[in-house]
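Please read it beside the sequence and the structure.

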Amino acid sequence: MVEPTTRASDAVTMDKIVALCKRRGFIFASSEIYGGLGSTYDYGHYGVLLKTNVKNEWWRAMVQERDDIVALDSAILQHPRTWEASGHLAGFTDPMVDCRTCGQRFRADHLGELQCPQKPSKHPGEADACDLTQARDFNLMFETTMGPVKDSGATVYLRPETAQGIFVNFKNVLQFSRKKPPFGIAQVGKSFRNEITPGNFVFRTREFEQMEMEFFVAPDEAPRWYDYWKAARHAWYVELGIRADHLRLREHDPDELSHYSSATADVEYLFPIGWSELEGIANRGDFDLKQHTEFSGQKLEYFDGQTGERYVPHVIEPAAGADRALLAFLVDAYDEDEVGGEPRTVLRIHPRLAPVKVAVLPHMRKDGLPELAREVYGSLRGRMQSEYDEGGAIGKRYRRQDEIGTPYCVTIDHETLENRTVTVRERDSLTQDRVAIDDLPGELAARLAAPWRSPKQ
Ligand code: GAP
């Protein structure tokens with residue numbers, strides 16, 4: 001076994017994550033051959049596998065392991081009245097300033113975090129040549145037209161959050177799911193915001209995926225469920241391997257609260273750019289159901305036929321971003337060490353999230369080893385995401401798997417020909433055990449299901 005010798009604790013930077021994502025095909029700038037399109041990204045093979053695992057873990061925690069939450073997939077395009085009722089049409093704005101000198105636009109409330117494009121050592125507005133306009137409100141919703149005629153009555157919006165699709169379906173779900181408060185509706189899907197200053201890779205983009213759940217409760221139970229969901233959502237990230245000292249819950253000050261919220265807390269992660277929001281948990285009260293009742297004329301309330309009780313449920317909402325969560329998992333996993341005198345980059349990511357669970361590698365490309373390795377690969381691929389690789393030196397193939405976070409490499413060598421055992425190399429500790437081929441699927445499945453904690457300091 002080769003021991004890892006040095007560890008550069010938290011060597012991670014955003015630039016290293018971007019470079020790794022490009023090098024290993026996780027995430028690319030979108031429309032790259034045309035020079036890219038501001039802050040939209042395309043996910044490659046490993047990126048798709050990783051993001052799917054993040055979303056599946058969310059579904060597992062929200063729906064599979066509970067019996068009080070049901071799933072929904074509402075349309076991206078909704079009736080425009082939805083956005084009048086929700087307040088987005090009038091109030092989903094950020095303050096924007098233009099610079100008359102360089103022609104760039106900036107979020108007025110983010111100037112202190114931004115660089116002047118002409119003098120990057122200064123913030124916009126600070127260099128002598130800067131000439132900023134007064135701040136004005138800019139609505140973040142993307143507009144498009146529905147149908148072949150482009151007139152004002154045909155204007156629709158790409159949804160800026162998945163939540164409203166849940167509220168407008170409250171009646172449908174209540175009727176067909178045979179649930180009563182407390183119960184939740186969960187949804188994962190794309191949302192769109194015309195952010196003035198997107199950035200920091202996939203942290204803030206104009207097209208992104210959200211994982212939102214609206215939990216409907218009796219009004220007097222809302223404070224208790226708010227506390228419950230804050231704790232549950234914090235625990236989800238810890239269970240999936242995020243280091244607890246890089247995670248915190250931060251309660252919003254009263255002046256930070258959205259118009260609909262009586263209390264909100266953010267789960268924050270310590271990114272290389274500092275503590276930043278991963279997910280918000282909000283007590284939305286009865287704002288949304290009352291607004292949609294008023295704008296649609298349809299009563300959105302709960303009536304208990306047995307007790308005669310009737311009320312508008314209050315809503316607790318944990319709202320997370322799939323891309324932002326993926327970025328946090330990557331940042332938290334990124335590590336550098338030295339193995340056998342060679343530098344290594346390794347993603348120490350939770351095995352349940354790892355894009356590939358096992359790589360099968362014949363030690364050499366001769367003596368019947370590739371054939372036997374393909375047999376082993378065939379016994380695993382139906383049970384877990386597996387990869388077969390026979391090209392190049394074995395050390396290089398290990399490095400490649402370490403970089404994409406594969407927890408186990410199975411090597412087929414000459415001893416395998418003699419006794420049908422393989423070596424199982426573990427990504428974090430680099431231990432190598434011999435396991436019989438017949439026991440391999442069960443052994444790997446057990447190891448992958450075991451609790452995991454980050455070995456990073
Ligand atoms: N329904 C409530 C809502 O949408 P939000 O705080 O605006 O709340 C929830 O969004 C989550 O969606 C955020 O915590 C973040 O993870 C993600 N998110 C929001 N805007 C984003 C953007 N421009 N790019 C990537 N993720 C974003």
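Predicted model: local features only at pLDDT ≥ 70, side-chain atom pairs only at ≥ 80, totals over all residues.

Residues are numbered from 1 along each chain as its sequence is written, and side-chain values use heavy atoms, with hydrogens and water left out.

**Overall fold**

- The protein has 13 helices and 24 strands. Both are DSSP runs numbered from the N terminus: helices are H or I with at least four residues, strands are E with at least two.
- Along the principal axes, the C-alpha atoms fill a box of roughly 75 × 70 × 50 Å.
- Of the 457 residues, 52% are buried. Buried means under 20% relative accessible area, exposed means over 50%, and partly exposed lies in between (1.4 Å probe, protein chains only).
- Areas come from the Shrake-Rupley method with a 1.4 Å probe; for residues, only the protein chains shown count as cover.
- Among contacts with a separation of 6 or more, 67% join residues 24 or more positions apart. Contact here means heavy atoms within 4.5 Å.

**Ligand site**

- The ligand is surrounded by 20 residues. A residue counts as near if one of its heavy atoms lies within 4 Å.
- The closest are Glu161, Glu195, Thr205, Glu212 and Glu277.
- Gln210 places a polar side-chain atom 3.0 Å from a ligand oxygen atom.
- Gly321 has a polar backbone atom 3.0 Å from an oxygen atom of the ligand.
- Phe203 brings a backbone N or O atom to 3.4 Å from a ligand nitrogen atom.
- Taken alone, the ligand exposes 560 Å², of which the protein buries 90%.
- Strands S11 (207–217), S14 (274–285) and S17 (314–321) are the elements that each give two or more residues to the shell. S14 supplies the largest share, five residues.

**Nonpolar cores**

- The largest nonpolar core holds 57 residues. Such a core is a set of buried Ala, Val, Leu, Ile, Met, Phe, Trp, Tyr and Cys residues joined through side-chain atoms within 4.5 Å.
- Tyr237 and Phe329 touch the most other members of this core. Helix H9 (residues 322–333) gives the largest share, nine residues.
- Leaving out residues up to four places away in sequence, Phe329 touches Val54, Trp236, Tyr237, Leu240, Ile242, Ile349 and Leu353.
- A second, separate core has 20 residues, including Leu380, Met384, Tyr408 and Val410.

**Salt bridges**

- The model has 48 salt bridges. Each is a side-chain nitrogen of Lys or Arg within 4 Å of a carboxyl oxygen of Asp or Glu.
- Arg352 and Glu57 pair at 3.0 Å, N to O. Arg352 sits in the loop between strands S19 (342–347) and S20 (358–362), and Glu57 in helix H2 (residues 45–64), so this pair links distant parts of the chain, 295 residues apart. Glu57 is buried because its relative accessibility is 6%.
- Asp335 and Arg348 meet at 2.7 Å, N to O. Asp335 lies in strand S18 (residues 334–339) and Arg348 in the loop between S19 and S20, so the bridge ties parts 13 residues apart in sequence. Both residues are buried.
- Shared partners join Asp335, Asp337, Arg344, Arg348, Asp402, Arg425, Arg427 and Asp428 into one salt-bridge network.
- Asp109 bridges to Arg107, with the closest N and O atoms 3.0 Å apart. Asp109 is partly exposed at 43% relative accessibility, whereas Arg107 is buried at 11%.

**Two residues in detail**

- His246 lies in the loop between helix H7 (222–239) and strand S12 (247–251). His246 counts as buried because its relative accessibility is 9%.
- Beyond neighbours within four places in sequence, His246 contacts Asp10, Glu268, Tyr269, Leu270, Trp275 and Asp332.
- Thr345, in strand S19, is buried at 17% relative accessibility. Not counting residues up to four places away, Thr345 touches Tyr334, Asp335, Glu336, Arg399, Asp402 and Glu403.

Technical notes. Polar contact = N/O pair within 3.5 Å; in protein donor to acceptor, adjacent residues only side chain to side chain.
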